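Q: Could you take a close look at one part of this model with me? I'd like to go through the charged side chains.

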Amino acid sequence: MAKRKPDLDSLSDEQLLDLRMCDLGVTIANSPLKKRIEQLNAELADRDLRFTPHCWLSEDWFSPDEIPGIAIPFYLAHPRLMRLERKQLLEVEGGTHEWCMKILRHEAGHAIDTAFRLRRKAIYRNTFGKTSLPYPEYYQPKPSSRDHVLHLDMWYAQVHPLEDFAETFAVWLRPGSRWRTRYKDWPAIEKLKMVNELMTSLQGKKPPVQCRATLDPISRIRRTLRTHYERKRQHYGLDLPSVYDNDLRRLFSSDDGHRRNVTAAAFLSRIRTELRGSVAKWTGEYAYTIDQVIQEMIERCRELQLRLGASPEDTKRDAMILVAVRTTNFLHEGGHRAAV
């Protein structure tokens, strides 16, 4: 007897979190992902590439070595799961049509690399570097560099030669990208020209690797969503010491003359969403990571019994700068976790 699929919309967050991933009952075919994958395949066909990566649902975005396909995170297959994802991690990676297509094009770059064994070619290695290099656990972006294209956030092409190729391919593939004009004065233009030349050579050809296997499909993952999100928050979280005290004392006041003013903890809590959004836009960091910085600040303000000492607008501006600086320092000291 087939197992009955749960009615996800009727479940509370707590009930959802206790579900195993293999019991979610979601599929690509019954979700907006189906049309997005069809759009990706149409873009590949428009370039006369006889390659359509197979896709499946898993825990996260990835394209495995030796398998020319794309794993898509399960939450994108159902709006209720997207709402839970946002509540747990404060954002939904690939949650909009545009964002999802950007990631699909990137992962298609990895998949076509595998399908045609492109990384074995000398021209590939000479252009992008040694693909045998180990992936870093962390990477330090160089925002001023023009040696790489800009596609996904956080200058992701700088992570590794394989990501550099995937990002370059994604820029090349996107309809109307006008990459020749946008990158004409960048060294990265040579990488785009190389990808264009390589893809032209593949037109009409069948890929030698046609494996349709899947890796870690959700149908085989027995972890609960609760365990899944605990692991994700630990991955993106930030364990920082209480290094804010001096900055917070400059930003707020412990003077007895301000004892009737709103507490610093209450003020930061009130502007928390705005702080998080603004700093995420400036730095490209994960919203969850930024929120941990703000939470640490709120807790320290409460412990230090600080209150508002200047105008709310000036204090809000300075608080945004402080959160951005703390987040950016963490990033540039080698602490940015690459989601690879």
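Which side chain does Arg300 meet in a salt bridge?

A: A quick note before we zoom in: this is a predicted model, where local features need pLDDT of at least 70 and side-chain atom pairs count only at pLDDT 80 or more, while totals for chains, interfaces and linings use all residues. Residues are numbered from 1 along each chain as its sequence is written, and side-chain values use heavy atoms, with hydrogens and water left out.

Now to your pair. Arg300 meets Glu303 in a salt bridge, 2.2 Å from N to O. (A salt bridge here is a side-chain nitrogen of Lys or Arg within 4 Å of a carboxyl oxygen of Asp or Glu.) Both sit in helix 13 (residues 287-304), and being three residues apart there, they are separated by about one helical turn. Helices are DSSP runs of H or I, at least four residues, numbered from the N terminus. Arg300 is buried, at 14% relative accessibility, whereas Glu303 is exposed, at 53%. Buried means under 20% relative accessible area, exposed over 50%, and partly exposed in between (1.4 Å probe, protein chains only).

Zooming out, the structure holds 24 salt bridges. One of them joins Asp9 and Arg83, at 3.7 Å from N to O. Asp9 lies in the segment before helix 1 (13-17) and Arg83 in helix 3 (residues 79-89), so this pair ties together parts 74 residues apart in sequence. Asp9 is partly exposed at 49%, and Arg83 is partly exposed at 46%.

Note on methods
Helix = DSSP H or I, 4+ residues; strand = E, 2+ residues; numbered from the N terminus.
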